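Here is a colleague's note on a structure with several chains. Please keep the view open and follow the points in order.

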Amino acid sequence: MPFNIYDFSGTTKAIDQFLYAKMPPTWAFITELAIVGLIILLFYAVIGLYLVYLERKVCAFMQNRVGPNRVGKWGLFQTIADLIKLLMKELITIRKADKLLFNIAPFIVIIASFMAIAAIPFAKGLHAVDFNIGVFYMMAVSSIGVIGILLAGWSSNSKYSLIGAMRSGAQVVSYELSVGLALLSVVIFSGSMQLSTIIESQANGWWIFKGHIPAIISFVIFLIASTAEINRGPFDLAEAESELTAGFHTEYSGIRFAFFFLGEYMNMFIVASLAATVFLGGWMPLHIGNLQGFNHVMDFIPPIFWYFGKTIFIMYLIMWFKWTFPRLRIDQLLTLEWKYLLPINLVNILIISFIVLMGWYIK
Amino acid sequence: MEKEQLGQVLSELFPSLEINTSQDPVRVKADTGSIHSLAMTLRDDSRFQFDYLFNMYGIDREDRFTLVYYLESTIFRHIVAIETDLADHDNPVVESISDLWKTAEFQEREIYDLMGVSFTNHPDPRRLFLEDGWAFPLRKDYKDDINFIER
Amino acid sequence: MQEVELQDILTAREDGDYIINIGPQHPSTHGVLRFVVSLKGEMLEYVIPHCGYIHRGIEKMCERLTYPQIIHLTDRMDYLSAHMNNEAVSLLVEKATGVEVPERVKYIRTILSELQRIQSHQLWWAAFGMDMGGLTCFFYGLRDREKILDIFEESFGSRLLHSYICPGGVMNDIHPNFQKRTKEFIKYFRKKLPEYDELLTGNIIFEMRTKGMGVLSKGEAISYGLTGPPGRASNFACDIRKLYPYSAYDKVEFKEILYTEGDTWARYKVRMAEMWESMKIIEQLIDNIPEGDFTIKMKPVIRLPEGEYSQRVETARGELGVYVVSKGEKTPYRMHFRTPNFSNLFVMNRLAAGNKIADLIAISGSLDLVIPDIDR
Amino acid sequence: MNSVGKYFSDIFYGLKSLWKGLMVTGYYFVHPKQIVTQQYPENRKELKMFDRFKGELILAHDENNFHHCNGCGICQLNCPNGSIEIIADSVPNEDGKAERIIDKHIYHLSMCTFCALCVKSCPSNALAFSQEFEHAVFDRNKLTKVLNQPGSRIKKEPKEPKAPKPPIDTVPKSNPAN
């Protein structure tokens, strides 16, 4: 079996051929689905847990603390211990709650983020599916999550939860627009919605550098809007622990709460990896035009490290925002979207279209 | 205004009042029925302008209740303490001054809650801290066999 | 006066009100306080504060305790202004018995009060930042507060409830390190306080959320008896330190911070400026503490002559009044505390009604309520 | 045009103010030396409370198991919460006179508010505060302590003029044996 850290397509192809040679095509397909599903599930759990750990460490260092340091070396197993605790906790059933929706809601949230992970290219040839409408798919799938939040808030039979859910609804509906438009700017640049094509188009430089100022504006807007879309501080109005105690998941406990919690962190990971893929070249190493020597040096670092490096950098930015800024109020949140982000975004897209039409960007 | 001057003006205006200027602040002893009109005059008269009610409390003197109002003028910075005796110890009632000072509304609720002095014309005559049906703890004859430890 | 149930009042209002309880267990009421709020969407229609969850009957307990014993109860009213509360009772007893305390005591008391004020405002800043959603503020505020608490602990052996100022002086002399450490702290905090401004004050989100929220005019502030920083934010000059100086406040120069806006932002700015002023006061006094006794000999059993006495001091939250009716016994016949938070709480409905639910949190944070002080 | 200018200056001013805040948290993120956390159970050895720290009340015993308490009960009178109870006995001394000695000095730690009135009022400087701060127990009854050690006796001072009372922190300390 060929294995190459720089290009996984050989490996995946070899596995594919091996399975199809041994089994009838239907069974081979099902086996492939099972393998991919299992890998994503494992990946999901590990990444989710260690994102929580990362966040706790980052915020601790920003706040002059050391963070978790009791379970394992540097507290590395703290979140695993937390998970075990959450698994063993009682699932409290709420009186007069809508039982079916109450139980389904956490799964909707987690499935939405699960589906989005499928389309992320981690390295060359390392992705589950490569849609030709990848960007659109990601947008569509990640907005399913809000249905889970709305259901959770509505079915809990709690007033705090309901307010949180309604806030979340208003917020996501508005900010989807900005996220979509910001992504559209790169789609215009690269002329494709397929994530692999977008990455390939950045072989001679990332879009954030090639696209002049409009691309940087798009990137900033994407960061702000996606932070709002995943309900993270300073836009965490749906949870707003100082106002609504815990917002839409006030009444959840045990593993159901853990699903919401995990879903939130995985959404952050997805948003960060989307930003990394679209604006910072995904797994594509840092290349500058035709500087062969420099590009070769950069190529020595395997793409998977490039990918995770960029994703962690963007996640760090999102965490940095959360632990610095006070929370916005709901009307200010909507003002920010409709008065600032959306008009700027529209003008920005107009400029980008013009630039692309005239061919003024670095090809 | 200085204390003596304040006392003089007050006694000219209300000859029936018992005014004691030897203490700090000036103490005025008023009739229970006239407390609202006296307070209104003190607040609105341009010579006094007592616009700041900074304290009021009640005293259970076993045979009667005494209410004390402390007024200050934020313009002239003079202070007056108005005392009034509620002779009926079983059913003390006095007119509320919460329409003159907003803070009186809650001070009076506290006095009602802990002292059992009722205020007429009060906009929200509920107890403040304790449950309904609880005895009035700041009265001298208050007994609580469970929580009260005599030493 | 008939007893009216809360339920009657609520049902008497328009049907279909969306009532929610903020508290008694809620992250941003900072204690067991309950607001019953009625919502229309995000907008508040009215706010009814409910207190009494930690009513301990301190006024009744005082009727059974001697004056030195009362001191330790006053700590437990406004636990963030423990020194000022102790000082109020001590000053009253000294005034009533006609005792003049040594200059050294006056200086120590003033320095302690100002240190306590800084400490209280630091905790307020920390909690206010947290209420607004900026959790990092909480840790920075507490980190710097720890330095003051260490100074307290070294000198008086306790961090929060000191019972240190007593009738006739202070319990024991200040620690030899006290002056050095206090000066070190001021040097340190002069560097850290601008950081507070960078993190929160200048922040555009914070400005948007506080400016123009919960405006109270001067007349209303006086009518509601709003004192302390909230009162001064409405341009109501109510600083007892300036109006009726006690201890060593007549020997120091400081500004009474007054703002005219009367909104949440002004209440915030008043406290930030007061921290600077408090540091100035301490710097004027810390090197000039005169030598002498830390206490004078009081009689073993202190009896106040018959009469009524009052004493007002400025705590970190406003005007604290202590009122004693004495019958010449060793215990007061009636003791009343006019506490600043009691008056400051009930302005909530006036300030918050008509604003959004997030503003309720910001406004109650800017009033800086300490619940045991309301309930006593 | 003015409003357009204001629109963009608002954005610029807002971003600048946000950047300022980010710099503060960013500074601490890259300066882990400024961390103030204390690792509590690990630093038990180095953790020393201040001399005046009011941990719990003790009756100072010297190395020969002598204390200064004569059971006068002034601390009990002065305690605002009733956390001190004194059980005293009357025992004839060498001269045949009845003398009051202490049988049990009972201290309810759970009721104590550390106001230090007992230490201040003690006429024979027998009481002091120890620096012990780990009071947690599983049984509430364990918080009721007998301060005089078994077999301890009052120290007889030779008759001399009464020395001035030293401040609290210089009162001799002994290890609380219980």
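This is a predicted model: local features need pLDDT of at least 70, side-chain atom pairs count only at pLDDT 80 or more; totals for chains, interfaces and linings use all residues.

The points below go from the chains, through packed helices, to strands and sheets.

1. Which chains touch. Chains A and B have no contact at all. Their closest C-alpha atoms are 25 Å apart.

2. The A and C contact. How many residues does each chain bring to this contact? Chain A supplies 21 residues and chain C supplies 26 residues. Helix 11 of chain A gives the most, with three residues. By type, the chain A side has eight nonpolar, seven polar and six charged residues.

3. Helices 10 and 15 of chain A. Two packed helices are described by the angle between their axes and the distance between the axes. Here, helix 10 (residues 212-229) of chain A packs against helix 15 of chain A at about 150 degrees, and the axes are 10 Å apart. Angles over 145 degrees count as roughly antiparallel, so helix 10 and helix 15 of chain A are roughly antiparallel to each other. The crossing of helix 10 of chain A with helix 15 of chain A is left-handed.

4. Residues between those helices. From helix 10 of chain A, the contact includes Pro214(A), Ile217(A), Ile221(A) and Ile224(A). From helix 15 of chain A, it includes Leu333(A), Leu341(A), Ile344(A) and Asn345(A). What kinds of residue make up the contact of helix 10 of chain A with helix 15 of chain A? They divide into twelve nonpolar, three polar and no charged.

5. Helices 5 and 15 of chain C. Look next at helix 5 (residues 103-131) and helix 15 (residues 357-367) of chain C. Their axes come within 9 Å and cross at roughly 180 degrees. That makes helix 5 of chain C roughly antiparallel to helix 15 of chain C. Helix 5 of chain C makes the contact with Ala127(C), Phe128(C) and Asp131(C). Helix 15 of chain C makes it with Ile361(C), Ala362(C), Gly365(C) and Ser366(C). The residues of this contact of helix 5 with helix 15 of chain C are four nonpolar, two polar and one charged.

6. A sheet in chain C. Three strands of chain C form an open sheet in the order 1-2-3, paired antiparallel. Why does each edge strand have a side without a neighbour? Strand 1 (18-22) and strand 3 of chain C each have a single partner strand, so one side of each is left without a neighbour in the sheet. The twist from one strand to the next averages 25 degrees. Helix 15 of chain C packs on this sheet and touches strand 1, strand 2 and strand 3 of chain C. The direction of helix 15 of chain C makes about 40 degrees with that of strand 3 of chain C.

7. Strand 2 (residues 34-40) and strand 3 (residues 43-50) of chain C are antiparallel and pair over seven bridges. Lys40(C) is opposite Met43(C), and Ser38(C) is opposite Tyr46(C). Two residues lie between the strands in this hairpin, where Gly41(C) takes a positive phi near 65 degrees.

8. A second hairpin in chain C. Strand 6 (residues 307-315) and strand 7 (residues 318-326) of chain C pair antiparallel over nine bridges. A hairpin joins them through two residues. Arg312(C) faces Gly321(C) across this pair.

9. Chain D. The domain assignment gives domain 1 (2-34) and domain 2 (56-157) of chain D. How many Å separate their C-alpha centres? The centres of domain 1 and domain 2 of chain D lie 61 Å apart. Chain D also has an open sheet of three strands in the order 3-4-6, with antiparallel pairing. Its edge strands are strand 3 (84-92) and strand 6 (144-146) of chain D, each pairing on one side only. Neighbouring strands of the sheet are turned by 25 degrees against each other on average, direction ignored. Strand 4 (residues 98-108) of chain D is joined to strand 6 of chain D by three bridges. Tyr107(D) stands opposite Lys145(D) of strand 6 of chain D.

Key: Residues are numbered from 1 along each chain as its sequence is written. Chains are lettered from A and ligands numbered from 1 in the order in which they are written. Two residues are in contact if their C-beta atoms, placed from the backbone, lie within 7 Å. Helices (H or I, at least four residues) and strands (E, at least two) are DSSP runs, numbered from the N terminus. Ala, Val, Leu, Ile, Met, Phe, Trp, Tyr, Cys and Pro count as nonpolar, Asp, Glu, Lys and Arg as charged, and the others, Gly among them, as polar. Domain bounds come from an automatic or database domain assignment. Axes are lines fitted to C-alpha atoms, for helices over the stretch in contact, and angles run from 0 to 180 degrees between N-to-C directions. Angles under 35 degrees count as roughly parallel, over 145 as roughly antiparallel, 65 to 115 as roughly perpendicular and the rest as oblique. A crossing is left-handed if the near helix is turned anticlockwise from the far one by less than a right angle, and right-handed if clockwise. Two strands pair if DSSP finds at least two bridges between them.
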